[in-house]
Amino acid sequence: MGKKGTNNKNWWGRLIKFIRANTNLTVIIIAALLLELTSAIMYYESHDILQRVVERLMERENNALYLCIRNKLAEVEVTMDNIAWVATDDLASPDSLTRLTYQMAEHNTAILGCCICCTPDYFPQRGRWFEPYSIRKDDGSIETMQLGSASHDYTKLEFFTKPIATGTSHWSEPYMDRDGAKAVVTSYSAPIRDDDGKIVGVVAADISMGWLKEEVNLSKAYQSTQRFLVTGQYHLLAGDDNQLLRNVIEHMKSTSEEKGYVVLKDEHGNKKHVFYTPVGGKTDWILINALDDTDVFGKLRRVRLNLLFMAVAGLLLIGFIVWRSKRNLERLHKVNAEKNRISSELHVASQIQQSMLPRHNKGQLTMDNGQLVEDVDVYGSLVPAREVGGDLYDYFVRDEKLFFCIGDVSGKGVPSAMVMAVNHALFLSASAHETNPAHIMQDLNEIACQGNESNMFVTMFVGILDLPTGHLRYCNAGHDAPFVMVNGKWSMVDAKPHLPVGVFNDVKYGMTEMYLQANSTLFLYTDGLTEAMNSERKLFGIKRVEEVLATCTDKHPQELLESISKAVHKFVGNAEQSDDLTMLAIRYTPQQYESTLNETLTLKNDVREVAELSNFQKSFYEKMNVDKSLARQLRLAVEEAVVNVMEYAYPADTEGRVDITMMFDGHWLKVVIDDSGVAFDPTVEKKADTTLSVEERRIGGLGIHLVRELMDSINYERVNGHNILTMKKEVKK
């Protein structure tokens, strides 16, 4: 006891000490608690008042509906009880009983049909079953028929058996009358007695369920209120059969109370306030009202939530003050310092990643020698979902060919960014000396599969566009097919998909070819475009991409990407970006070359004919009126290229021809070397290392090195079985 008392004393002392040291904080906490307590008391008091108001309202509604139903039922009950008494005088004549049913159906609009059922063999001349039945048809006429038969044995039906057994009037459970009314009805039946007081039959009236459904759904205080009318056996007379009704019936079966109130849930889990009360009279029917909780207490809850929001705001303010207190200040500084460090590193990583992407716009795209490229307009954009992303794109021009790629690394964040950087570097390395996109993809895949324990892969699209001809070669590794715009119409490129890079090291990639027309546009993207998601978790989708593209047939690549980005941002709204968004647009705009001087020389593949080439060039350069020093350099470059073709394009002892065409438009010299030898691309040869000694140099390559150094551009294409080597030089006068 002594130790416990000491602990209590220490606890109380620490509390007093805390209050004295934090007076303002204590006052705020007490004020917040009092506010919350006041809000709770007001809510529950208001809830109780509103509950009583709703109960009185439902009681008035039930009474009004009860009187309406009772008046209808009482009219039928009084009529049928009187008819049962009248029928006693007509028992001697079957025809009189038939006329009586006709008169009842004719003069009582509340009755759908009326019948008199006699005990078996009461009229032997009419057979075992005698049941005259009259029904009011849709056109108002009355039809009378004899229903009793072996197939319609009324002696086994409830409306007949109950009055016979009890000697009293009875409302039946609803049933489908297939022979008489041909509808779902409930029947009120009364026993018929002869002069000796013996029960010899039953008079019955069929009541349609239609008017009950209409009456039940009239005069609702709340439009969403659900009403049901059931029998004492819980058979539905009016209303919709649903899970809520079944829940109510289960509750009523479990209690002995005829009248009550209970809160239940419907099939959607919505709370319902259920009031049930008996209709009374000669029926055992029960009227059920189910009110939606939102209609009853919705506004009150909104008021409560507003008050609760204010209380929570006060508590959050207290939490902020506590968070800013001296006790947590040191830890906060550490967290902020670590956060700033990570944020700074990610910012640097983002800058590094962005710096890896090309920054060329129209008028700034250059070849290796710095020459501006005017045959193509390229623009790309990458918006990562996080600080760094896993998407990539790149493009550059080499030997009058545009090399480009776009890719999407699986996953997000830093791991994907690292894989992206590796694949980006691999693309630049592989495409430096290769003009077949399938071979480039093959090299990427072989290296990416080495040590890929994380099983990360990359979908990529690699393309090579020959700028002079528009010849496009591409390879697709599981990436979304791009779109191409030709003559103002967009269509999807036929891009045969292969497995992504990094999945299996034995994948064989294939190349696809097509030609781009002048002023056509190629649009590439990652799945961050089609899978951009709004707050309703709907995807932007390929259809919306096509709709935006249809409005951008005359726009430059930068304008095209800005239009699509604007459409995506409008669709996504305030939703968080779910994936990296990368796009690349290429517009092919070949420049028209019109030569003022054009001559062609045809040689055999014999190096001894090079002398004739030299004379041919001298004559051409004199006509061009170029400087003699430049003319010597040009002759050397052309001769090196032609000799290279003669030596490698044709196998030994094979005769062939080499066509040399020289063109000049007053500004640019263009030399085209055409041969029909084996496929040989001199531009893929690595540049000769002139820093090495003669003994260390690899044999070959020096001639192409001279051509690259002396000419502004060099381009190779294999067209219709011919090797086409094109060299260009800007001639400044």
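Colleague: Let's start with helix H14. What do its buried residues pack against?

Modeller: In this predicted model, the buried residues of H14 pack against strand E23 (597-604), helix H15 (628-648), strand E24 (657-664) and strand E25.

Colleague: And which residues of H14 are buried?

Modeller: Val610, Leu613, Ser614, Phe616, Gln617, Phe620, Tyr621 and Met624 are the buried ones. Looking down the axis of H14, they fall within an arc of 165°, so they line one face of the helix.

Colleague: Nice. Which residues are exposed on the other side of H14?

Modeller: There you'll find Ala611, Asn615 and Glu622 exposed.

Colleague: How far does H14 reach from its first C-alpha to its last?

Modeller: H14 covers residues 610-624, which makes 15 residues, and it reaches 21 Å. That is close to the 21 Å expected at 1.5 Å a residue.

Colleague: What follows H14?

Modeller: Asparagine 625 does, and its phi is positive, near 60°.

Colleague: Changing topic: how many cavities of 30 Å³ or more are there?

Modeller: The structure holds three of them.

Colleague: Got it. Which residues line the largest cavity?

Modeller: The lining is made by Cys115, Glu131, Tyr133, Leu147, His152, Leu157, Phe159, Tyr175, Asp177 and Asp206. By class, that lining divides into six nonpolar, one polar and three charged residues.

Colleague: And what lines the second largest cavity?

Modeller: Val645, Ile673, Asp675, Phe680, Pro682, Tyr716, Asn723, Ile724 and Leu725 do. Seven of these lining residues are nonpolar, one is polar and one is charged.

Colleague: Which strands each supply at least two residues of that lining?

Modeller: Strand E25 (668-675) and strand E27 (722-730) do. E27 gives the largest share, three residues.

Colleague: What does threonine 726 touch?

Modeller: Leaving out residues up to four places away in sequence, threonine 726 touches Glu400, Lys670, Val671, Val672, Ser713, Ile714 and Asn715.

Notes
Residues numbered from 1 in each chain as written. Predicted model: local features only at pLDDT ≥ 70, side-chain atom pairs only at ≥ 80, totals over all residues. Heavy atoms only, no water. 1 Å grid on protein atoms, 1.4 Å probe; cavity = no way out; pocket = protein on both sides within 12 Å on 5 of 7 lines; lining within 4 Å. Points joined across faces, edges and corners; volume = space filled by probe spheres on them. Nonpolar A, V, L, I, M, F, W, Y, C, P; charged D, E, K, R; others polar. Helix = DSSP H or I, 4+ residues; strand = E, 2+ residues; numbered from the N terminus. Expected span 1.5 Å × (residues − 1). Buried < 20%, exposed > 50% of the residue type's maximum accessible area, 1.4 Å probe, protein only. Arc of directions from axis to C-beta. Contact = heavy atoms within 4.5 Å.
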